[in-house]
Amino acid sequence: MRRAALALARDVERRAPTLGDEQVVEGRAHGVFVDYNQNAKDRTVASAYSVRPTPDARVSAPLSWDEVASADPADFTLATMPKRSRSWATATRDRRVPGSLEGLLELSARHERAGQGDAPWPPHYKKQAGEPPRVQPSRARAAKHPLIEIARAKRKQDALAGLKRWKARHPKVAKYLEPADVLVDAMRGRSSTWTRIRVNLQHVPPKLRPRQERLDPDEKTLASW
């Protein structure tokens, strides 16, 4: 499954480089992240017909290909899905065909023959044979983008409060920041998540760029134990 998902992610990125990405692009506002690493032990996935944590209780809805272009996620909610699921079952009863991974596995084999091997696994997994270095895109870009870390907290709102205090201490810097310069990362531990906030100072004049300060807050997280 992971080989198939990775092959799909790479082909999406090749065909539509402005839309898809096989790796996490931290702080981005647009695009589709094809998360091949969800196909690993202890990962969680929202299955079809799962209710999502949104105010209108949207539901993960299976679509036919002819619905994709015009589908509106707001149409699929806890209130509307019972009727849709009944009509869907009737419409698809005579044309159900089991899916197959053979095409994606053949694509994976072509990638391997072209020199594209495995991709990085989640950080707390044992190093796999043939796996490339586990370097997050933000760290790989560190030489080009001056990043400083602001906060680490178990709760997102606490980390955002720390960011607000940082901006109050550096008002001249804050006015140069663009929305994409504030990187709010949901970090995954073995059994829980925590929030990290960093700031990209690329749009701040060099003479105004503050140095790395003590994190505020700096709560104990799995990554800092």
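Residues are numbered from 1 along each chain as its sequence is written, and side-chain values use heavy atoms, with hydrogens and water left out. Because the model is predicted, local features need pLDDT of at least 70 and side-chain atom pairs count only at pLDDT 80 or more, while totals for chains, interfaces and linings use all residues.

**The sheet**

Helices (H or I, at least four residues) and strands (E, at least two) are DSSP runs, numbered from the N terminus. Three strands form an open sheet in the order β3-β5-β4 with antiparallel pairing, where two strands pair if DSSP finds at least two bridges between them. Strands β3 and β4 (182-188) stand at the edges with a single partner strand each, so one side of each has no neighbour in the sheet. On average, neighbouring strands of this sheet are turned by 25° against each other, direction ignored; the axes behind such angles are lines fitted to C-alpha atoms, for helices over the stretch in contact, and angles run from 0 to 180 degrees between N-to-C directions.

Six bridges join β3 to β5 (residues 193-200), with Ala153 opposite Thr195 in β5, whereas β4 and β5 pair over seven bridges, and there Leu183 has Arg198 in β5 as its bridge partner. Six of the seven residues of β3 (residues 147-153) are buried, so this strand is largely enclosed by the rest of the structure; buried means under 20% relative accessible area, exposed over 50%, and partly exposed in between (1.4 Å probe, protein chains only).

**Salt bridges**

A salt bridge is a side-chain nitrogen of Lys or Arg within 4 Å of a carboxyl oxygen of Asp or Glu, and the whole structure holds 13 of them, including these:

| Pair | N to O distance |
|---|---|
| Glu149 and Arg152 | 2.6 Å |
| Arg169 and Glu213 | 3.1 Å |
| Arg169 and Asp216 | 3.8 Å |

Glu149 is buried at 16% relative accessible area, and Arg152 is buried at 17%. Arg169, by contrast, is partly exposed at 43%, as are Glu213 at 29% and Asp216 at 22%. Arg165, Arg169, Glu213 and Asp216 are linked in a network of salt bridges.

**Arg2**

Arg2 is found in helix α1 (residues 2-15) and is buried, with a relative accessible area of 10%. Leaving aside residues up to four places away in sequence, Arg2 touches Tyr36, Asn37, Asn39, Asp118, Ala119, Pro120 and Trp121, where contact means heavy atoms within 4.5 Å.
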